[in-house]
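Subject: Structure handover

Hello,

Here is the structure I promised you. Please open it first, then read the notes below.

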Amino acid sequence: MPPADLTDLQVGAAYLAPPGFEETLEHELGRQGVAVRWHGRLALTAQAPVRSAWALETWTAPQLRDIASIKGAARDLRAIQRNWAGYAPDLHRRSALITQNLPPLRARPLVFPALPPQGHLGAWTLLSAERMLLSPTKTSPFINGEVHFVEDREGPPSRAYLKLWEAFTRLGQWPQAGQTCLDLGASPGGWTWVAARCGADVIAIDRADLDPRVAALPGVTTRRESAFGLDPESMPHVDWLLSDIIAYPARLLTLARRWIDSGRVARMVLTIKFQGGTDHDTAEQFAALPGGVVRHLWHNKHELTFFWMREGTPHVA
């Protein structure tokens, strides 16, 4: 999209869209009465922050600063706090020079299992060579909402495992030995592989076979049946209900409600996959479930991830 004229801009919040999902984020915000102007993938609004599932992160305390020099911009940032992440859709050289004058960020890829970064992190961008937008606070502890891992290119049967790694990292917890996981629509087994490698017992439900290497992992039990035909009342207590199944969002919502109402599940991580257009109505119904949070993960495609805990609303970074 062409650069916007931001000379008269007032900013109450900024939302960073995942690559390729700018229109989806704008639609989600528009449903809440929020009008935006774009700076690269950063949606700027004069209105106060609202809840957004599709933003990788929200800049919650934005400030506009006129800057006279590169060193002056860095000095202004350092005077507020130590750690800053820059977003540079343009003015790349000038942004890089400002970054060089800031304390370095050591953002190495995570080795799973890992907790989210604990340090306080702000965000900034150049709207022009002489004007900077900064926010000392934002909703993600990750640089530009991006979560990178040291990948395992041999064990898992697909790259879907990265979504679950990210989900567990954002939650700050993951299955443990002695816990039971139910993986619905498990084939070929990427999520079963993650849960089993964490040490949990996994019941993998799918009419298709798991990858033989995953099926042979200690603690994995396979059942060839429909995830949607499974009766929660027939199952033991489940510590983690996992699903990366391809299903219409409304049907998945019915499944989630059935399991919540059964009282037989403690936690859920479900992928809400959209076929065709984005079903914002159903996504909002997921988010309205008590104890639930909906987020677009860095490793999601045209999908969202639903987190739920019976003990209360989970913290999702």
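A crossing is called left-handed if the near helix is turned anticlockwise from the far one by less than a right angle, and right-handed if clockwise. Keep that in mind for the helix pairs. Note too that this is a predicted model.

**Helix pairs**

Two packed helices are described by the angle between their axes and the distance between the axes.

Start with H4 and H5. Helix H4 covers residues 161-171, and helix H5 covers residues 190-197. They pack at an angle of about 45°, and their axes lie 8 Å apart. H4 is therefore oblique to H5. The two helices cross in the right-handed sense. On the H4 side, the contact uses Tyr 161, Lys 163, Leu 164, Trp 165 and Phe 168. These meet Gly 190, Trp 191, Trp 193 and Val 194 of H5. By class, the contact of H4 with H5 holds seven nonpolar residues, one polar and one charged.

Next, H2 and H3. Helix H2 spans residues 70-80, and helix H3 spans 92-100. The angle between H2 and H3 is about 50°, with the axes 8 Å apart. The crossing of H2 and H3 is right-handed. H2 supplies Ile 70, Ala 73, Ala 74 and Leu 77 to the contact. H3 supplies Arg 94, Leu 97 and Ile 98. Six of the residues in the contact of H2 with H3 are nonpolar, none is polar and one is charged.

Last, H7 and H8. Helix H7 runs over residues 249-262, and helix H8 over 280-288. The angle here is about 15°, and the axes are 9 Å apart. Angles under 35 degrees count as roughly parallel, so H7 is roughly parallel to H8. H7 passes H8 in a left-handed crossing. From H7, the contact takes Pro 249, Ala 250, Leu 252, Leu 253, Ala 256 and Arg 257. From H8, it takes Thr 282, Gln 285 and Phe 286. The contact of H7 with H8 divides into six nonpolar, two polar and one charged residues.

**Backbone**

Most residues other than glycine have a negative phi, and most peptide bonds are trans.

Pro 113 sits in the loop between H3 and strand S7 (122-128).

Ser 187 and Pro 188 are also joined by a cis peptide bond. Omega there is about 5°. Pro 188 belongs to the loop between strand S9 (180-184) and H5.

Leu 91 is not a glycine, yet its phi is positive, at about 50°. Leu 91 lies in the loop between strand S6 (84-86) and H3.

**Largest pocket**

How much space lies in the largest pocket? The value is about 430 Å³. The largest pocket is lined by 20 residues. Closest to its centre are Arg 106, Ala 107, Pro 117, Pro 141 and Ile 143. By class, the lining of the largest pocket has 11 nonpolar, five polar and four charged residues.

Best wishes

How values were computed:
Residues numbered from 1 in each chain as written. Predicted model: local features only at pLDDT ≥ 70, side-chain atom pairs only at ≥ 80, totals over all residues. Heavy atoms only, no water. Axes fitted to C-alpha atoms, helices over the stretch in contact; angles between N-to-C directions. Helix = DSSP H or I, 4+ residues; strand = E, 2+ residues; numbered from the N terminus. Parallel < 35°, antiparallel > 145°, perpendicular 65-115°, else oblique. Contact = heavy atoms within 4.5 Å. Nonpolar A, V, L, I, M, F, W, Y, C, P; charged D, E, K, R; others polar. 1 Å grid on protein atoms, 1.4 Å probe; cavity = no way out; pocket = protein on both sides within 12 Å on 5 of 7 lines; lining within 4 Å. Points joined across faces, edges and corners; volume = space filled by probe spheres on them.
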